[in-house]
Amino acid sequence: MEHIRMPKVEHVRLVDRSSSRRTQVGTLYLTATHTIFVGKGSEDRNDLWVLHSLVCNVVKHKASQSGYPLLIICKNFQVIRFIIPQESDCHDVYISLSRLSRPEKYEELYCFSFNPNVDKAEREHSWDFLDLKAEYSRMGLPNKLWHVNPINREYRVCDTYPADLFVPKSVTLPVIVGSSKFRSRGRFPTLSYYCKENHATICRSSQPLSGFSARCLEDEQMLQAIMKSNPGSRFMYVVDTRPKLNAMANRAAGKGYENEDNYCNIKFQFIGIENIHVMRNSQQKLIEVSALHSPSMGEFLTGLENSDWLRHIKSIMEAGLFISKAVAEEGVSVLVHCSDGWDRTAQVCSVASVLLDPYYRTLKGLMVLIEKDWVSFGHMFSHRCGHLIGEAKEVSPVIDQFLECVWQLMEQFPCAFEYNEKFLISIHIHIYSCHYGNFICNSQKERKDLCIKEKAHSVWLHLWEKKLDFMNPLFKPDQSQNQGLLRPSTAPYCFKYWRRLYNRFDRELHPRQSELDCLMTVKEETQKLEEELALYEQVKLIVHPKLKIKQALWSLPLDTSLANTPQDYIGGAPNVFTLQQGERESAELCLFGDQTKSSDADNSDQESGVADFSSHSSGEESLPSEDSVKDPDSDETGPNRA
Amino acid sequence: MEFAELIKTPRVDGVVLRRPFMPTVEGTLCLTGHHLILSSRQDNTEELWLLHANIDSTEKRFVGSLGTIIVKCKDLRVIQLDIPGMEECLNIASSIEALSTLDSVSLMYPFFYRPLFEVIEDGWQSFVPEESFKDLESMTDEWRLSEVNKDFSVCPSYPSLLTVPRDIDDESLCKAASFRHGGRFPVLSYYHKKNGMVIMRAAQPLTGTNGRRCKEDEKLINATLCAGKRGYIIDTRTIAVAQQAKARGGGFEQEANYPQWRRIHKAIERSNVLQDSLIKLVEACNDQSHSMDRWLSKLEASNWQSNVKEILTTACLAAQCIDREGASVLVHGTEGTDSTLQVTSLAQIILDPACRTIRGFEVLIEREWLQAGHPFQQRCAQSAYSNGKLRSEAPVFLLFLDCVWQILRQFPCSFQFNENLLIMLFEHAYASQFGTFLGNCVAERGKLQLSQKTVSLWSWVNRPQELERFLNPLYEPNNLVIWPSVAPQSLLLWEGVFLRWNRSTKCLDEAYQEMVHIIEYNKELQNKVNSLRRQLAQLETEDKMVADLK
């Protein structure tokens, strides 16, 4: 609270860039956790809530005629433009927000103040929702070749790894310790994915400290043991996901990559995925392109090309495809590493897993995969997402790229995924929002030290409870081509710009009618019909005997007890039906978007896009839609509305 | 001329057909007057029947005595034929070359094609101008049908019946025609029921360098304005291009002479530029280098998407003038047969829900393209693989279809038809067994006696069995004006046409089937539930009767 210089400013204008007509006047409030804008007109739909932890940057612009512009740039790619009448107010808000959005300590993050009063059992329940042990046993582990080695229980061998790690049974403690000493940050080779069908595995590690000539017998034994734990194969792949040049440069620093001559039966392979700094700059350029105000087609495509973003996505996808093919088609195990083994390695292992295993294409499966390959294996969420004020150079959209790879796959295989794109976007927001405890800190050890599980909630149960919103109506798990390995095309034209993520808040850019929403409504309605039908079936059974009874009534009018029994049923049943009919009609009304409702209103969303088409580069303006600022699925940015 | 003269080798055995994403087929290659046929003569494999007219260009290669002909089609597909024997290969290649470039229209396949289906509704009779005029008459009496062009002497590219302002007599029309390029004087294109505003189209006025004017032309277009109202003239060319046109006798309307009209210039490219754009785009799509940078820079350099954006933007502008500004619009470019038609027809799709039904869309194509004199035969003589001497080929119609597809993507529930209809129209505009797209204007079609000698595409499309394929399962009539986004982020590459042969569509087809299934299943349940509800209601009444009797 001490950071809030100015809790309330009136007569603030919220500007919609695409249309000046959509500008709203209202009051701006700063709270400990949110920036809140309440538009005049008292309709609560005009509220805008922005979580401080989602704020990436606050920028003051030069004063204009109407006041002092203040931009809030969010990590979910929303840009909010305020104009504040007084310079001093603007400055105070700026200073307050700059501080509030750059927490110095973990304790300041929203997850520690969110829902503190919910009882302990419920909080624990949220954390118990996902269980990695269950995930490994789903894969078929432990088995006679692989087991959990307790060596890292106290995080002594490697403080960025999880406590429980799978290694080949044949590996002895000295081998693990020796190997870990020969690897950056002690991240020795350990199992990430096990393929039950053919025993091939995906293992991960950091780079070896090989320099120009160093070798380590234990590390060589380790790789040998991994290879041997796949009895059918005669060799294994070692995939270095870095560009060869980068890996070679590392040798000078005493790091580097495996020498094929020192390791028995390995095939070494470079896959040139660029480092976090290149990726950060690339996304920055992409964001700039996505934020261009009515660009020409040429500007947009050139910007897209110059950002190199899709090229990077393609290289990650290709790496994942290489590994998944090695495992599924050749039955060969793969060891993947980059430098530290927590960025590119996590990306590539998880993309390969999505391609290999249909389970990861289900809602719960994707949660488990992120929990395993990213959270437990020490992807540095705090650094990469910039949760705390710190090294800007450590920030990088590594996990964004993984989510985008999944999205690109969904575009190519529309029936193969149980979830839809909203699920990916929700995960993306929660990774950055610090609303839940899952993505706080940089490793399991840090989270344990901070007692995250005792103080904050887990996001997975929350997402699971909202799963109806995240279902892909086209999902067909039984289709043969959705089983087993997905083989995406990696031709450049198969990679598309993810408009829903990067232009999520520019409503006028998206289709005015959504196929997805429409199909979801139809499916929902179908389900209701099925239920109703089942009910009728039941009723039929009763009605038919009753028909006979009716006949009986004619002959036996005295037997009132018999007549009364079915009467109750008939009495009860129609109520149910009329109720359902009412529901059904309302479902039909909104079946095809809200156009039927809004058709009288002149400002219906569909009709937006009317603009000054006459000026050369214009045409994307929109009229105010009813909920111009508040996104319906952005409860993430709002406070605890529960 | 006998086709036999051109066919040096009618038949070769042991030919191997290779196509991307499809199994190779080995079989016998036969050439007929109009088709290239490859058949493995096995029951379960598909035969290839390729119209010679669909062949855009061919290349041949030899390795030893094995010859290879690469056939590039107007529908953008590329197939490879491996032909054993050098002589056979050369013969086949030269025959294909000759047969696919026949000059005479009357030798085209539609004149030889006999339908295997019964023509229930003759497509040639489906769309008569008198019919649409009746609709118009029911809304307004300000327009009349003129027969001034009945022998095509006033304007050779216009149909014989034209809708013009009631108060303008035929003599004035003739004078106005002499002031417009190709005699294309302003005529009615669309009447907006909601507010009575209209879209008219014409060709450029022949003002020339000395600023000629024509009172009748001014009177003609002013006749469409209510007192005190202003209108917009949308010139599809940039002001610079329009200025240059003056030197060749063309030009644009001077403000001084048309004080009630505001002129807006847009920048839709001319046809030769569009053809170049198509060639570059298809080359980018077929690039095998698999480099992301190359793909994006080639896509950008092709300018195809920019053309789509510009055309759509202009159409939105026209629609906006009509619906939002409440002002009438006159659209023209140079000749009034290309960009003008793109704009007027797209504006109607935006404004008029009827154009988003299958029948309405057919009417639109018939009226705004075929009758309006878009020179299909010239524009679609060659496609993206054309090389060398181009005459007046241009993908004007394809761009229109692409724009329709963009709107369809943004309003997936507002169209009665689906993408398949658009793709089918693209194919048939370039090569077809039907006569619909032959000739360049109504007069030419009459001379060719197409309606007597060929089958209409619509006769086929409108059969219930065929229509099925073109129906959009998500369709729910939407009476609103639909405003598409024309931002680059919103415009997509039309993969169904441009990447059609470069990728496997198995998963996408499956998704489409699933969507159809979901909706059909829903309808089925609805029917079941409704009938059960009725039954139950009946039972209840009976029940009540029983109770009453008691």
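Predicted model: local features only at pLDDT ≥ 70, side-chain atom pairs only at ≥ 80, totals over all residues.
Residues are numbered from 1 along each chain as its sequence is written, chains are lettered from A and ligands numbered from 1 in the order in which they are written, and side-chain values use heavy atoms, with hydrogens and water left out.

Chain A has an average pLDDT of 84, and 83% of the residues score at least 70. Over residues 546-612 of chain A, however, the pLDDT is below 50, and this stretch has 101 contacts beyond near neighbours in sequence.

Rings of Phe, Tyr and Trp (its six-membered ring) pair if their centres lie within 6.5 Å; planes under 30 degrees apart count as stacked, over 60 as edge-to-face and the rest as tilted. The model holds 45 aromatic pairs over all chains. Phe114(A) and Tyr436(A) form an edge-to-face pair, 5.4 Å centre to centre with 70° between the planes. The two residues lie 322 residues apart. Phe114(A) is buried (under 20% relative accessible area; exposed is over 50%, partly exposed in between; 1.4 Å probe, protein chains only), at 6%, and Tyr436(A) is buried at 7%.

A charge sits over a ring if NZ of Lys or CZ of Arg is within 6 Å of the ring centre and within 35 degrees of the ring normal.

| Charged residue | Ring | Distance from ring centre |
|---|---|---|
| Lys267(A) | Phe235(A) | 4.1 Å |
| Lys364(A) | Phe129(A) | 4.7 Å |

Key:
pLDDT = per-residue confidence, 0-100. Contact = heavy atoms within 4.5 Å. Helix = DSSP H or I, 4+ residues; strand = E, 2+ residues; numbered from the N terminus.
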